[in-house]
Amino acid sequence: MCGPLKGKARKTFIQNFEMFRILTAIAIAFAVIAVLVMLSSDEAGAVTYWFILGPVTSLRRFGGVIELAVPFVLCGLSITMMFQVNRFNLCSDGVFYICMAFASIFALFLDLPPFIFPIVIIVLCALIGGAVALIPAGLEVKFNSNVTVCALMLNYVLQYLGRYILLYKVKDPTLTYNGSFMFPDKATLPVLISGTRMHAGILVAVLAVAFIFFLLKYTKLGFAIRLTGKNSDFAKATGIKVIPAILLSQFIGGSLAGIGGAVEVMGIYKQFRIDTMLGYGFDGILIAVMGKNNPLKVTVAAIALAYLRQGAALVNSYTDIPLELVMVLQNLVVIFVAAEQLMAGLKHRMIVKQSAAEGGVSHV
Amino acid sequence: MSSEMVTATLILSFLYSVIRMATPLVYGSLGAIISYRAGSDNLAIEATMTISAMVGCITSIYVKSMGLAIVLAMAAGVLLSLFLAFMFLKLEANCTMTCVALNNFTTGLAMFLPFVLFKGSKGSTMGQNSMKFASIEVPILKDIPVLGDIFSGHSILTYLSVVVVFLVWFIIFKTYFGLRMRAAGENAESAMSVGINVYKTKMSAYVLTGMVSSLGGLFMSMYYLSWFTARMVAGRGFIAVSICNLTGARPFLALLFAAVFGAIDALALTLQSAFNFPAELLQMLPYIATIIGVTLVSSLEVKRQRKLQAQRR
């Protein structure tokens, strides 16, 4: 298999192995999807067209990509912060949902001047989100319980709590569907570019990326968090307070998801009406995995996923393939990217050959 | 009917539904126990149950054969389990991450396939003519007043679950395979040093996990409801993993704990139908109970470890 690559090409391959591995993972996932589409659809051509080119066929459609990228960036950053200290605290999805619910309560029952109002809601939701994320994290730190199980269970609790808030606290009884009253105008985020739904939440997302980038790279706390994630024993030995670093990173992770929920409900829906979870918190896993703990790469991954999603949504409306296919696709990507040893044998053989060619090992 | 009669029927139907709700949890937790004994928490029980629920239900729609539905559902569960094991044993993927991705993958597939096959609503086979396990009226038992009301009239899977509990216990603790599996799970290196093929042993354990937990999935789509919906397993896979943790991976104890969680589930259902209490708040109960349970057990474990350490000093 490694026959055709020689000399320089082989060297490039070894140096950029991680990238090739991820590309292979994506290729495998796409191959599976291609087979599924061909088996189940009579219009594979149309599916391919809408999936790949659909999002750039109009401004409104491309706007959809950016709109979707906002919660994706925030959730991706949220999971990134959780993973920084190796905690699979996957409550972001529940936090996102419950903060949509709380944002609707604040928007409907508080009364503040315009401009300040959405900011206050975002801050409150950030605090709530952080506090909620501390539940599984705190239980793990204090009682050593399995953080993933607790977080996933918490998601269900939050889902039912959000539904309760919707049905018993903020529901507009005149509606034929389950939805809250519309938010007052001053409690929504303004649209930035007319003709699309691109709203001021974009600015929030950009600020969040800058903040996390700065935090991780240039602050003492960020260093403590990163070191704790790499080697907590070593961190402890160097005098870093490990437990506060863990809890703070989880708090920040939770508040990012909370901000995501608030921004989404104020920017896109302007009422709380979705009574199932959107799953953006779980999309954050793919984004964080692809983003490799780097806020800038997370942004790129979020936009890429938003593009895929928008493509899938168009496929959903113009062909006979449902939107959920992309869920299959993206989770396959996660699985194969997570597979550390994927192509490791190939890499090993390449390195051996390369070093043999450079005169290092001659007996292989 | 007098009010005492009403209360009595309510209690009887509550106890009946405890057993009914416990059944999928028994199978799920047995699957989790086998994986746990082989070395790791299997958070993909949820996916295993979902995919077998789907495959079983869809097979029965197309083929109208209960036997084939069971076989294919179990095969699907085993395949998913093996895929997971291959990914984290051979390709060294992070186990938790792979499990979570597999769960979401399965949900996506479960939304996608029924829609493509039946062109109906997304992620549901409602309206299709699928098959269902029969409720069995146990002779003699069904005529005993109170006991008959509670223990008779369940599906074959419910009665079978007791047998499977025994079988799993027997396999884990009384066979050579079980011994090898526990050795490989507890300390892979020392197991290897005495000549156990750790990889093969663990893979076999995951085959068993897939077989057992897929029965729980079958129960969901072919008895609990007579159709399949994508999110019907609703976290039972995770509750099953918690039961495994709570019991320290002991099969008979898991049967008991499954009944406890079944009772919480049934309580939510009964309260909801009997009193006018917001269903949403009641539905939180099993999940809150799981969080508390997991925390309680691990905190006890931490205490025990500390005590041991103190004794050693």
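Which helix of chain A is the place of A:Ile351? Keep that residue in mind; the tour returns to it at the last stop.

**Before you start**

This is a predicted model, in which local features need pLDDT of at least 70 and side-chain atom pairs count only at pLDDT 80 or more, while totals for chains, interfaces and linings use all residues. Residues are numbered from 1 along each chain as its sequence is written, and chains are lettered from A and ligands numbered from 1 in the order in which they are written.

**Stop 1: chain A**

Chain A has 15 helices and 0 strands; helices (H or I, at least four residues) and strands (E, at least two) are DSSP runs, numbered from the N terminus. The C-alpha trace of chain A spans about 80 × 60 × 35 Å along its principal axes. The radius of gyration of chain A is 23 Å, which agrees with the value near 21 Å that a compact globule of 364 residues would have. This radius is taken over C-alpha atoms, and the globule rule is 2.2 Å times the number of residues to the power 0.38.

Of the 364 residues in chain A, 49% are buried. A residue is buried if 20 or more other C-beta atoms lie within 10 Å of its own, exposed if 12 or fewer, and partly exposed in between, with C-beta atoms placed from the backbone.

**Stop 2: two helices of chain A**

Select residues 116-143 of chain A, helix α6, and residues 147-170 of chain A, helix α7. They pack at an angle of about 150 degrees with their axes 9 Å apart. Axes are lines fitted to C-alpha atoms, for helices over the stretch in contact, and angles run from 0 to 180 degrees between N-to-C directions. The angle makes α6(A) roughly antiparallel to α7(A); angles under 35 degrees count as roughly parallel, over 145 as roughly antiparallel, 65 to 115 as roughly perpendicular and the rest as oblique.

Now show side chains. The α6(A) side of the contact is made by A:Ile135, A:Pro136, A:Ala137, A:Leu139 and A:Glu140, and the α7(A) side by A:Val147, A:Cys150, A:Ala151 and A:Leu154. Two residues are in contact if their C-beta atoms, placed from the backbone, lie within 7 Å. By class, this contact has 8 nonpolar, no polar and 1 charged residues. Ala, Val, Leu, Ile, Met, Phe, Trp, Tyr, Cys and Pro count as nonpolar, Asp, Glu, Lys and Arg as charged, and the others, Gly among them, as polar.

**Stop 3: chain B**

Move to chain B, which has 13 helices and 2 strands. Its radius of gyration is 20 Å, close to the 20 Å that the globule rule gives for 313 residues, so chain B is as compact as a globular protein of that length.

Pick helix α1 (residues 3-37) and helix α11 (residues 251-274) of chain B, which pack at about 135 degrees with their axes 6 Å apart. That angle makes α1(B) oblique to α11(B). Their contact has 20 nonpolar, 4 polar and 1 charged residues.

**Stop 4: where the chains meet**

Show both chains. Here 43 residues of chain B are in contact with 38 residues of chain A. On the chain B side, α4(B) gives the most, with 15 residues. That side has 24 nonpolar, 14 polar and 5 charged residues.

**Last stop: A:Ile351**

Select A:Ile351, which lies in helix α15 (residues 344-357) of chain A. A:Ile351 counts as partly exposed because it has 16 C-beta neighbours inside 10 Å.
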